[in-house]
Structures are given as C-alpha cells and as structure tokens.
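Please look over the sequence and the model shown here before reading on.

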Amino acid sequence: MNSSEKLSLAIDQLSDAGYFIWDDFIPNEDVKELVSIADEASNTGDFKKAGIGKQALFQLDKSIRGDYIQWLDRNNENAVVLKLLDEIERLKTRLNETCYLGLRDFETHFAIYPENTFYKRHVDRFQQNAHRVISFVLYLNRNWQEGDGGELAIYLDGKTEVIQPLAGRLLLFRSELEHEVLMSYKKRYSITGWMLDKDMSLTFLP
Ligand SMILES: O=C(O)CCC(=O)C(=O)O
Ligand SMILES: [Fe+2]
C-alpha cells in the first residue's frame with residue numbers, strides 16, 4: 001500500500017472506528033536514533049515528570065501517570081527529530097485537506113515510562129484542553145514482547161482495543177476517546193502528540 005492509500009484508510013478508520021494503526025511509519029534506524037536521543041536527554045536531566053491539567057490546575061500525581069517527558073519543537077538540534085516533525089506536519093496538512101478537521105498546529109513530546117508505571121484511563125481532550133482533536137503516539141520499543149506490558153487500551157462503545165507499543169508504529173486516535181497506558185513492566189519509549197484546532201500559542205483561550 002502506498003502512502004496516499006494508507007492516508008485514505010487512516011481517514012476512513014478515524015471516522016469509523018475512531019483510531020488507526022500505521023505500522024512502520026518511520027524506519028528502524030530512525031527508531032534507534034530517537035531512543036538514543038531520548039536516553040541522552042533523560043540522562044542529562046532534560047526529562048521532567050509529566051503532570052496532569054493545565055496552568056493553574058496542573059498537578060503531579062504518580063497514582064495517575066508515571067511517565068517523564070521532554071517537549072519537542074523546531075529548535076531541536078537533532079535532524080531525525082526535525083524530520084519527524086516535518087512528517088507530522090505533512091500528515092496534519094493531508095488530514096485537513098480531506099477531513100476538514102480544522103487542524104492548525106500540533107504539540108508533541110518524548111515520553112519515557114520507567115518500569116512499573118502506567119497512565120490511568122483518561123481523555124486527552126477535556127475542558128482545560130479543548131483544542132486537542134487527534135492524538136498520536138509513535139512507539140519506539142524495539143524487541144517489545146508479550147508480557148512487557150505498556151499496551152494502550154482504547155475504550156470504544158462496547159469494546160476495548162488493546163494496542164501493542166511496537167517500534168515504528170504510529171497510532172492515531174480521536175482525542176475524546178477514553179484510553180489508558182497499561183502497566184509497563186519494561187522501560188517504555190514513545191513520542192506522543194496532539195493535533196490542535198488552534199495555534200499552540202493560543203490554546204489557553206477558550
Ligand atoms: O503512550 C501512549 O500509548 C498514550 C499516552 C497518553 O495517553 C498520553 O500521553 O496522553
Ligand atoms: Fe492520553
């Protein structure tokens with residue numbers, strides 16, 4: 001399947017099922033490089049404990065989520081990160097052209113879940129964060145195996161989909177869907193982000 005057929009499928013699935021799995025979104029060597037960039041940044045203290053809520057309502061709560069994050073933007077010095085940001089930008093434009101989702105911008109971060117951490121059931125689009133339309137997660141776990149945990153459960157009407165966090169796999173889903181990162185028994189790497197219906201600098205507005 002070529003990339004424009006893949007994109008049509010993604011669009012259909014996002015509107016029918018609410019999510020789409022895009023395997024091999026990036027090549028293996030990029031996965032490897034992204035993991036070493038994340039490891040290096042986390043070793044030099046550039047990852048922060050992730051919180052919940054925005055601005056005044058922001059709080060840290062380990063019983064809800066246990067990951068550490070580093071935000072990514074165009075000031076990043078790594079070519080592979082910039083290439084990925086370009087690809088996501090292109091994907092956003094193409095989704096917009098076909099779906100009229102009104103996507104204006106996106107925000108994204110690395111996430112590392114240390115062993116035995118999780119992110120409890122939640123939605124990404126909520127009152128204080130009403131501008132997230134499409135969530136995406138690029139998984140970076142080479143050699144992930146059954147039993148390693150850290151799958152993403154998406155709660156759909158009447159059924160639950162459990163998605164393995166396999167290296168190179170991009171998952172797209174509608175940000176209003178409830179989902180949960182199940183207990184990860186191994187260190188888990190990903191790049192998570194959101195396509196927004198407002199420019200990022202304006203998302204504090206209603
Ligand atoms: O890493 C994942 O599979 C999902 C992460 C997530 O739900 C979030 O950061 O909001
Ligand atoms: Fe989420």
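This is a predicted model: local features need pLDDT of at least 70, side-chain atom pairs count only at pLDDT 80 or more; totals for chains, interfaces and linings use all residues.

Residues are numbered from 1 along each chain as its sequence is written, and chains are lettered from A and ligands numbered from 1 in the order in which they are written. The secondary structure of the protein comprises three helices and eleven strands, where helices (H or I, at least four residues) and strands (E, at least two) are DSSP runs numbered from the N terminus.

**Overall form**

- Followed along the sequence, the elements come in the pattern α-β-α-β-β-α-β-β-β-β-β-β-β-β.
- The radius of gyration of the protein is 16 Å, which agrees with the value near 17 Å that a compact globule of 206 residues would have; the radius is taken over C-alpha atoms, and the globule rule is 2.2 Å times the number of residues to the power 0.38.
- The C-alpha trace spans about 40 × 40 × 40 Å along its principal axes.
- Of the 206 residues in the protein, 33% are buried, a term used when 20 or more other C-beta atoms lie within 10 Å of a residue's own, with exposed meaning 12 or fewer and partly exposed in between, and with C-beta atoms placed from the backbone.

**The annotated domain**

- The unreviewed UniProt entry lists residues 99-197 as "domain: Fe2OG dioxygenase"; UniProt positions are given in the numbering used here, feature names are shortened, and annotations may be inferred rather than shown by experiment.

**The seven-stranded sheet**

- One open sheet has seven strands in the order β1-β9-β6-β11-β4-β3-β2, and its pairing is antiparallel, where two strands count as paired if DSSP finds at least two bridges between them.
- β1 and β2 (48-49) stand at the edges of this sheet with a single partner strand each, so one side of each has no neighbour in the sheet.
- Strand β1 (residues 19-22) runs antiparallel to β9 and is joined to it by four bridges, and along this pairing F20 stands opposite L172 while I21 stands opposite L171.
- Strand β6 (residues 132-139) also pairs with β9 in the antiparallel sense, over five bridges, with S135 standing opposite F173.
- Strand β9 (residues 170-174) is largely enclosed by the rest of the structure, because five of its five residues are buried.
- In a regular strand the side chains alternate between the two faces of the sheet.

**The four-stranded sheet**

- A further open sheet has four strands in the order β5-β10-β7-β8, again with antiparallel pairing.
- Its edge strands are β5 (117-122) and β8 (159-163), each of which pairs on one side only.
- Strand β7 (residues 152-156) pairs with β10 in the antiparallel sense over four bridges, and in this pairing A153 stands opposite E180.
- E180, which is placed in strand β10, has 17 C-beta neighbours inside 10 Å and so counts as partly exposed.
- E180 and G18 are 162 residues apart in sequence, and their C-alpha atoms are 15 Å apart in space.

**Around ligand 1**

- The residues around ligand 1 are A111, Y119, D124, V137, L152, H179, V181, S190 and T192, a residue being near a molecule if its C-beta atom, placed from the backbone, lies within 6 Å of it.
- β10 (178-184) and β11 (188-196) are the elements that give two or more residues to this shell.
- The shell divides into five nonpolar, three polar and one charged residue, with Ala, Val, Leu, Ile, Met, Phe, Trp, Tyr, Cys and Pro counted as nonpolar, Asp, Glu, Lys and Arg as charged, and the others, Gly among them, as polar.

**Two residues with positive phi**

- D24, in the loop between β1 and α2 (28-43), has a positive phi of about 55 degrees although it is not a glycine, and with 13 C-beta neighbours inside 10 Å it counts as partly exposed.
- N143, in the loop between β6 and β7, is likewise not a glycine and has a positive phi near 60 degrees, and with 8 C-beta neighbours inside 10 Å it counts as exposed.
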